[in-house]
Amino acid sequence: MSDINSTPRMRAAVIINPTKSPDGDFKSAFHLMCAEEGWGEPLWLETSEDDPGSGQARKALESGADVVIAAGGDGTVRCVAETLAGKGTPMGLVPLGTGNLLARNLGIGLEDPLRAGRDILNGTTTTIDIVMATLDHADAGHAFLVAAGLGYDATIMADTKDELKDRVGWLAYVEAGIRNLPGKGVKATIKVDGSEVVRRRVRGVMVGNCGKLMGGVEIFPDASVTDGLLDLLVLSPRGKFGWIRVMAGIFHRKGAKSSSVHYFSGESAEITLDSEQDFELDGDHLGRARHLEVKVVHQALAIMMAAPKST
C-alpha cells in the first residue's frame with residue numbers, strides 16, 4: 001500500500017532534437033540520472049522536421065511537467081520557449097547545437113549534456129525577457145531569445161552550408177559572411193519606442209536580447225536578458241572601406257565612432273524597408289520581409305538552471 005502522505009516526485013519533460021542527440025544511450029543515462037536525483041521518470045518527446053518543438057512543449061504543459069527541458073540547438077530552444085512564455089512552467093537548457101547562444105549568455109556549460117541536465121534538476125528558477133517579432137503586419141508573432149536579423153545577418157544564416165557547419169561549427173557562418181559581403185543596401189526607416197531614429201540605406205538591422213553571439217563575440221555589449229530592453233544594431237557600410245568601418249564600430253565601440261554602425265535601445269522598434277530582405281530569428285532563417293515590429297516582454301520566461309556560485 002502506498003503512503004498517502006508521501007510527496008509526489010517531480011517530473012521533467014525532455015524535448016530533444018534527435019539529430020543532435022549525444023553519442024551513446026543518452027536517453028537511458030538521463031532516465032537513470034533523474035532516478036538518482038529523486039525525480040520521476042521523465043517524459044521524452046522528440047522534435048521533427050514538421051514540429052521543431054512547439055507541439056511537444058504543449059504536450060509537456062498538458063502533462064503537468066515541473067520543468068520542460070529543451071535539448072537541442074537554438075532553434076529547439078526558441079520553439080519551446082515561445083510556447084512556455086507566460087505559462088509559469090520553467091524551461092531548462094541542455095545545449096546540443098552549434099551556437100547554443102542562449103546557454104552561452106546564461107553561463108550554462110556546453111561540454112557535458114548530462115551535467116547540464118543535473119544542474120537543472122538541482123537548480124533554481126529565474127526569469128528572463130523574451131522579444132516578440134511580427135513580420136509584415138501578420139496577425140501572430142514569433143518569440144526570440146537571443147537575436148533577430150533583417151538583411152545581411154539573415155542572409156548569412158540562409159546561405160551557411162550545413163556540411164561545413166557539421167565540420168567546423170560556427171566558423172561556417174564566417175565563411176558565409178565573407179561570401180555575402182558584396183551587395184547593395186536597402187532604404188530603411190527605423191523607429192525606436194515610436195520615435196524615428198534612422199532613415200537611410202542599410203545592409204542589415206540586428207535586434208538583440210543577449211550580448212554574445214557567434215564565436216562569443218559581444219555584438220551587443222550592453223544587452224541583458226533581464227533589463228526589459230532590446231538593442232538594435234544598424235549596419236550601413238559605405239564605400240571601399242565600409243565593412244572595415246563596420247568592424248571598427250562593432251569591436252571598438254568605446255574608442256572609435258563610425259558612421260557605418262549605429263546602436264539604439266528601447267522597449268520596442270519598427271523597421272520598414274523599401275524591398276524584401278532575408279529574416280532570421282535565433283539563427284533560423286524564416287523567409288523574407290519588408291516590415292518588422294519587435295517588442296520586449298519583460299520577465300516572460302522562467303528558466304531553471306544551476307544556482308549562481310557564491311563569491
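How many residues apart do Arg78 and Glu82 lie in helix α3? They are four residues apart, about one turn of the helix. The legends below describe close-up views of a predicted model.

**Figure 1. A salt bridge joins Arg78 and Glu82 within helix α3.** The side chains of the two residues meet at 3.7 Å, N to O. Arg78 counts as buried, because its relative accessibility is 6% and the limit for buried is under 20%. Glu82, at 26% relative accessibility, counts as partly exposed. By the rule used, eight salt bridges are counted in the model.

**Figure 2. Arg118 forms a salt bridge with Glu36.** The closest N and O atoms of Arg118 and Glu36 are 3.4 Å apart. Arg118 belongs to helix α5 and Glu36 to helix α1 (residues 26-36), so this contact ties together parts that are 82 residues apart in sequence. Arg118 is partly exposed, with 29% relative accessible area.

**Figure 3. Glu196 and Arg199 are partners in a salt bridge.** Between these two residues, the closest N and O atoms are 3.0 Å apart. Glu196 is partly exposed, at a relative accessible area of 41%. Arg199 is exposed, at 60%. Elsewhere in the model, salt bridges that share partners join Glu36, Glu37 and Arg118 into one network.

**Figure 4. The largest cavity is lined by residues that include Gly72, Gly73 and Asp74.** One cavity of 30 Å³ or more is counted, and the volume of the largest cavity is about 40 Å³. Its lining also includes Val77, Leu93, Val94, Pro95, Asn100, Leu102 and Ala103. The elements that each give two or more residues to this lining are α3 (74-84), β4 (91-95) and α4 (101-106). Strand β4 provides the largest share, three residues. By class, the lining of the largest cavity has six nonpolar residues, three polar and one charged.

**Figure 5. The second largest pocket holds about 240 Å³ of space.** This pocket is lined by 18 residues, and those closest to its centre are Gly107, Ile108, Gly109, Asp119 and Ala306. At least two lining residues come from each of β4, α5 (113-121) and β14. Helix α5 gives the most, four residues. Eleven residues of the pocket lining are nonpolar, three are polar and four are charged.

**Figure 6. Asp112 sits in the loop between α4 and α5.** Asp112 is partly exposed, with a relative accessible area of 41%.

**Figure 7. Val168, Leu171, Val174, Ile178 and Leu181 make a nonpolar surface patch.** The patch covers about 390 Å². Helix α8 (residues 171-179) supplies the largest share of the patch, three residues. Leu181 is found in the loop between α8 and β8 (186-192). This leucine is partly exposed, with a relative accessible area of 31%.

**Figure 8. His137 and Gln299 have positive phi values without being glycine.** For His137, phi is about 60°. His137 lies in the loop between β5 (124-135) and β6 (142-144). At a relative accessible area of 55%, His137 is exposed, because the limit for exposed is over 50%. For Gln299, phi is near 50°. Gln299 is found in strand β14 (residues 284-305). Its relative accessibility is 46%, so Gln299 counts as partly exposed.

Technical notes. Residues numbered from 1 in each chain as written. Predicted model: local features only at pLDDT ≥ 70, side-chain atom pairs only at ≥ 80, totals over all residues. Heavy atoms only, no water. Buried < 20%, exposed > 50% of the residue type's maximum accessible area, 1.4 Å probe, protein only. Patch = residues over 30% accessible without salt bridge, like charges linked within 9 Å, V, L, I, M, F, W, Y side chains within 5 Å. Areas by Shrake-Rupley, 256 points an atom, 1.4 Å probe, with all protein chains shown as cover. Salt bridge = Lys/Arg side-chain N within 4 Å of Asp/Glu carboxyl O. 1 Å grid on protein atoms, 1.4 Å probe; cavity = no way out; pocket = protein on both sides within 12 Å on 5 of 7 lines; lining within 4 Å. Points joined across faces, edges and corners; volume = space filled by probe spheres on them. Nonpolar A, V, L, I, M, F, W, Y, C, P; charged D, E, K, R; others polar.
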